[in-house]
Amino acid sequence: MASEIIRIPILQIEDFLVASIQVALHDRSAVQFRDDLLQRIYETKAKGLIIDLTAVDIVDSFIGRLIGDVAEMAALMGARVVVTGLQPAVAITLTELGLELSGVITALNLEKGIATLRRLVRQDEEEEGTRDARRAHDLYP
Amino acid sequence: MREGRTIFIHSDLDIVSARVEGRELAKALGFGTIDQARIATAISELARNIVLYAGEGTVTIRAIEQGGRKGVEVICEDRGPGIEDVNLVMRDGYSTSRGLGMGLPGAKRLMDDFEITSRVGEGTRVVVRKWLR
C-alpha cells in the first residue's frame, strides 16, 4: 500500500533543510518522513534542519516521539534540529501527555528558527575551531 | 446534532480518521481549539493502542448530554488479548510494546472521565468523556 504514503517536501536553503508538515500524518508517512529527512541530511551535508509544525493541530505521542528521534539521529550525523511553529494547543497536549521533548530545541516561527539554527551552527564551528587550535598546539607547541 | 459514529480501526490510517471525526464533533459542539486538540489526541492514543495490541477494534464517538451539560464520549473496544493488570498499564512509562507507555495515562489526563474494563482473552473497553464548560 505504498501509494498511501504521503511524502513531505524537504527544501534546502543554504546549509539548512526546511520541512513544513501541512497534512495529518499517519504513522507510516511519519516514519517515511523521518527516513527522508535523515537521507537528505546525509546527501546535502546540511548543518541544520527545521521541522515546521505551524499547520499541525495534533501531535500525539507517536509523532512527538518521532520528532525527538529525528533530533537525536540528526545530532549523530552532525546536524542541528529546530522545531518551529508549535501551536498553543499542541504544546499543552504534549505536556499533558507527559511528552516534554526536553532534547528538542524550539522557536516561535520559521524566521526565529533560522536565526536559532545559525547561532547553534556558529557555536558548533567555534567550538570545533577552538578544539582544533588546541590540538594543533599540543602537537606542535 | 450529529449522530454517534463508529469507526473501524484496522490500521494507522483509521487512527487519523477517528481523530478527525472526534475533532469535528468537538468543534460542532462548541469546544475550544485546545479541548478539540485534547479530544483528538486522546482518540489518537486510544486508537493506536487498538492497532498495536489488538490489531483491530472500533472507536465510537458521540455527543452526550447529562444533567444539562454537554460533552463528547469516545468508546474504544477491541477483542484483543486484554490487560492482565490494569493498574500497571495506567502507570506512567509502563509499556509492553512499541507504545510509549503513555497512551492510557496520557489519554486519562487529556480527558475529564476515564473508565477501563478489560478481561484477559476477551478484550478491552475504554470510555473517555470531555465535558463542555
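## Interface between chains A and B

In this predicted model, 22 residues of chain B are in contact with 20 residues of chain A. Three helices of chain B, namely α1 (12-29), α2 (33-54) and α4 (103-110), each contribute at least two residues to the side that touches chain A. The largest share of that side is supplied by α2(B), with nine residues.

By residue class, the side of chain B that touches chain A holds 10 nonpolar, five polar and seven charged residues.

## Fold and dimensions of chain B

Chain B contains four helices and five strands. Read from the N terminus, the order of these elements is β-α-α-β-β-α-α-β-β. The radius of gyration of chain B is 14 Å, and the globule rule gives 14 Å for 133 residues, so chain B is as compact as a globular protein of that length. The C-alpha trace of chain B spans about 35 × 25 × 25 Å along its principal axes.

Of the 133 residues in chain B, 41% count as buried. Contacts in chain B between residues at least 6 apart in sequence were also sorted by separation: 63% of them join residues at least 24 apart.

## Helix α2 of chain B

The helix that gives the largest share of the side touching chain A has 22 residues. From first C-alpha to last, α2(B) reaches 31 Å, close to the 32 Å expected at 1.5 Å a residue. Just after α2(B) comes Gly55(B), which takes a positive phi of about 90°.

How much of α2(B) is buried? The helix is mostly covered, with 17 of its 22 residues buried. For background, an α-helix has 3.6 residues a turn, so residues three or four places apart point the same way.

## The largest nonpolar core

The largest nonpolar core has 63 residues, and among these Leu49(A) and Val59(B) touch the most other members. The largest share of this core comes from α2(B), which provides eight residues. In soluble globular proteins, nonpolar side chains tend to be buried together.

Which residues does Leu49(A) touch, not counting those up to four places away in sequence? The partners of Leu49(A) are Phe16(A), Leu17(A), Leu37(A), Ile41(A), Ala74(A), Ala79(A) and Val81(A).

Note on methods
Residues are numbered from 1 along each chain as its sequence is written. Chains are lettered from A and ligands numbered from 1 in the order in which they are written. This is a predicted model: local features need pLDDT of at least 70, side-chain atom pairs count only at pLDDT 80 or more; totals for chains, interfaces and linings use all residues. Two residues are in contact if their C-beta atoms, placed from the backbone, lie within 7 Å. Ala, Val, Leu, Ile, Met, Phe, Trp, Tyr, Cys and Pro count as nonpolar, Asp, Glu, Lys and Arg as charged, and the others, Gly among them, as polar. The radius of gyration is taken over C-alpha atoms; the globule rule is 2.2 Å times the number of residues to the power 0.38. A residue is buried if 20 or more other C-beta atoms lie within 10 Å of its own, exposed if 12 or fewer, and partly exposed in between; C-beta atoms are placed from the backbone. The expected span of a helix is 1.5 Å times one less than its number of residues. A nonpolar core is a set of buried Ala, Val, Leu, Ile, Met, Phe, Trp, Tyr and Cys residues joined through C-beta atoms within 7 Å.
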